[in-house]
Amino acid sequence: MEKIVSLAKRRGIIFQSSEVYGGLNGAWDYGPVGVELKRNVKDAWWRSVVRDRDDMVGLDAAILMHPRVWEASGHVEGFTDPLVDCRFCKGRFRADHLEDTPCPKKPSKMVGKHDECDLTESRKFNLMFKTFVGPVEETAAQVYLRPETAQGIFVNFKNVVDTGRVKIPFGMAQIGKSFRNEITPKQFTFRVREFEQMEIEFFVRPGEDVKWYEYWRNARLQWYLDLGIRKENLRLRDHAADELAHYARGCADVEYKFPWGWSELEGIANRTDYDLKRHSEFSGKDLSYFDPETKERYVPYVIEPSAGADRGTLAFLVDAYDEDSAPDEKGNLETRVVLRLHPKLAPVKAAVFPLLRKDGQPEKAHAVHDQLRKRWNVDYDQAGSIGKRYRRYDEVGTPLCLTIDHQTMQDDTVTVRDRDTMKQERVSCGRLTEYVAGRMGE
């Protein structure tokens, strides 16, 4: 992870939030390269679950919601973690994570494993951030920053059914920010206080929930594999009976093998009809569904695939990181850092270089760059030797580097160098767009 964090800072992928002021724990900023990577992850998800399907619609619900929403969902009463303080090190920890939490005074020791640890009694700590609407900070004006995006979908179920010409089975998909006041944010961008979710609520007829639950378990695992995550680093873990939420009929996690161990990227849950019934009860509104084909009215069951955009981005970043040997300018082998990202996720699809800053090469390189950037995120770079430019773009996962050289000025072909194999071939400028599209899998 040290190498990943170093690369992320060096190449403008991820920065510590408010770094000039010493940083804010549990908050991170995506730099120019990182924001493109994360956007590509979200775009790939949206295309897969919305654009390429005819049974899904999109939604973008507000972050601030009526406080009764969170009473109905159970978050006000039950969205808590067990909290303990250590009188010895003055640290504050999640009681259920003591075995893997280092003591600040003795980082080599774990809080739950050293004799000098003097822990207080465990107490419940609600993870929701509170704020106020309007000028007066009083209980009546108290609202919450949403801890999940799902409830925005549930409370809009009737709106979408009434206006969207949808029929069950159908789903609603949403990408948006959520906020949790984590006691111990850790592991870079994996566990943070502000994060982005990619979430689906798929509404089905009662009795068909098991079939759809199995479908989404397999479909969501395959999505990560299709975008290049190595099979040995990915698994689908079913929850044991004592792990399930009281309303859940089944739940499975897509887990990735990070450097610190297996951790959740996405959960797929069969939430039964719990959510719509709760919101019907608390709001007094009928959130049932009338089936025009069977003439039946029922409360749908819900299958929820809920993924973390930040966690997914981190997994793609970690899985793509590689080191190999490559010749330097003098032909000597040196260590090369390369991100072997799937072309759909690569922040920069191609980089265009003039070999020399003369003989019309920069002008031609700009023309090639302008041609390609109409369709893809493409960089122009003329700084440093060609070898150093290759290394820069290997480190941010750019699949193709295009060099304009002496031969280009004679026959209108460019040298195309492949990121993974480092092999080169000549391609005519007239078919570059077609060639790059093929390499991007379009």
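Entry 1: I started with Asp 394, whose side chain makes a polar contact with the side chain of Arg 417 at 2.7 Å. This is a predicted model, so I read the distance as a value computed from predicted coordinates. Asp 394 sits in helix H11, which covers residues 386–395. Is Asp 394 buried or exposed? I noted it as buried, because its relative accessibility is 0% and the cut-off for buried is under 20%. Then I listed its contacts, leaving aside neighbours within four places in sequence: Arg 336, Val 337, Val 338, Leu 339, Arg 417 and Arg 419.

**Entry 2: a histidine in a helix.** Next I looked up His 279 and found it in helix H8, residues 274–283. His 279 is buried too, with a relative accessible area of 6%. Beyond its neighbours within four places in sequence, I wrote down contacts of His 279 with Val 69, Ala 72, Ser 73, Gln 151, Phe 154, Val 155, Gly 284 and Leu 287. I also checked His 279 against Leu 400: they are 121 residues apart in sequence and 51 Å apart in space, C-alpha to C-alpha.

**Entry 3: the nonpolar cores.** Which residues have the most contacts inside the largest nonpolar core? They are Trp 223, Tyr 224 and Phe 316, in a core of 58 residues.

Entry 4: I then turned to a nonpolar surface patch of about 220 Å², made by Ile 63, Leu 64 and Val 133. Ile 63 is in the loop between strand S3 (56–58) and helix H3 (67–72). I logged Ile 63 as partly exposed, since its relative accessible area is 30%.

**Entry 5: the whole chain.** To finish, I stepped back to the overall numbers. The chain has 13 helices and 23 strands, and its C-alpha trace spans about 75 × 70 × 50 Å along the principal axes. Of the 442 residues, 50% are buried. The chain exposes about 21,500 Å², with carbon and sulfur atoms supplying 48% of that. Among contacts between residues at least 6 apart in sequence, I noted that 64% join residues at least 24 apart.

Conventions
Residues numbered from 1 in each chain as written. Predicted model: local features only at pLDDT ≥ 70, side-chain atom pairs only at ≥ 80, totals over all residues. Heavy atoms only, no water. Patch = residues over 30% accessible without salt bridge, like charges linked within 9 Å, V, L, I, M, F, W, Y side chains within 5 Å. Areas by Shrake-Rupley, 256 points an atom, 1.4 Å probe, with all protein chains shown as cover. Salt bridge = Lys/Arg side-chain N within 4 Å of Asp/Glu carboxyl O. Helix = DSSP H or I, 4+ residues; strand = E, 2+ residues; numbered from the N terminus. Buried < 20%, exposed > 50% of the residue type's maximum accessible area, 1.4 Å probe, protein only. Polar contact = N/O pair within 3.5 Å; in protein donor to acceptor, adjacent residues only side chain to side chain. Contact = heavy atoms within 4.5 Å. Core = buried A, V, L, I, M, F, W, Y, C linked by side-chain atoms within 4.5 Å.
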